[in-house]
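Let's take a walk through this structure together. Have the sequence and the 3D view ready, and follow along one stop at a time.

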Amino acid sequence: MASESVKKRMRPNDHFYIFSVIFLGILLGGCEKKTIPLISHPGAQIFHAMKRTDVRCYRCHGDRGEGTHRGPSLVRGGKTIPDDLFISTVLDGRGNMPPFRSVLAEEDIRQIIDWLGQIPP
Ligand code: HEC
């Protein structure tokens, strides 16, 4: 059989190489769904609990601010709401959204707004 002759010609290193490629493929495939846009942006890191574990905007507003059943989209039509309204809502909370005044400074929230504004469509 042709496949057998192929097998015989393989060296142990070839197997390692092939498994590595498959493993990497699975790893990257798994990551793809969770990609955070512009992850190095400070706003992305605050939004995604990388700065403070108790600030988890993404859980209600989605990985790209697109909204979930727990919270509305923050980027309707590709644009965020006016900065002042955005900031006061985050500081004071509203409805089912808790206030973040004790854990976030205005500057942190401005970083989030900047990040949301840069997310590609
Ligand atoms: C527990 C879920 C939850 C978390 C966590 C959360 N939000 Fe919200 N957010 C909501 C809900 C629900 C609303 C809608 C409130 C209402 O109008 O009743 C909202 C509203 C908003 C609004 C106003 C949107 C608009 O169109 O008026 C902004 C801005 C916002 N959230 C930003 C954030 C940011 C930034 C964070 C992280 C610091 C965050 N939220 C964390 C649930 C959440």
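Start at Trp115: leaving out residues up to four places away in sequence, Trp115 touches Leu38, His41, Gly43, Ala44 and Phe47. Touching here means that two C-beta atoms, placed from the backbone, lie within 7 Å. A word on what you are looking at: this is a predicted model, where local features need pLDDT of at least 70, side-chain atom pairs count only at pLDDT 80 or more, and totals for chains, interfaces and linings use all residues. Residues are numbered from 1 along each chain as its sequence is written.

Trp115 also belongs to the largest nonpolar core, which has 13 residues. Such a core is a set of buried Ala, Val, Leu, Ile, Met, Phe, Trp, Tyr and Cys residues joined through C-beta atoms within 7 Å; a residue is buried if 20 or more other C-beta atoms lie within 10 Å of its own, exposed if 12 or fewer, and partly exposed in between. Among the members that touch the most others are Phe47, Val90 and Leu104. Helix H3 (42-47) and helix H6 (106-118) each supply at least two core residues, and H6 gives the largest share, four. Helices are DSSP runs (H or I, at least four residues), numbered from the N terminus. In soluble globular proteins, nonpolar side chains tend to be buried together.

Now move to Asp92, in helix H5. Asp92 counts as exposed because it has 12 C-beta neighbours inside 10 Å. Asp92 touches Pro99 and Arg101, again not counting residues up to four places away in sequence.
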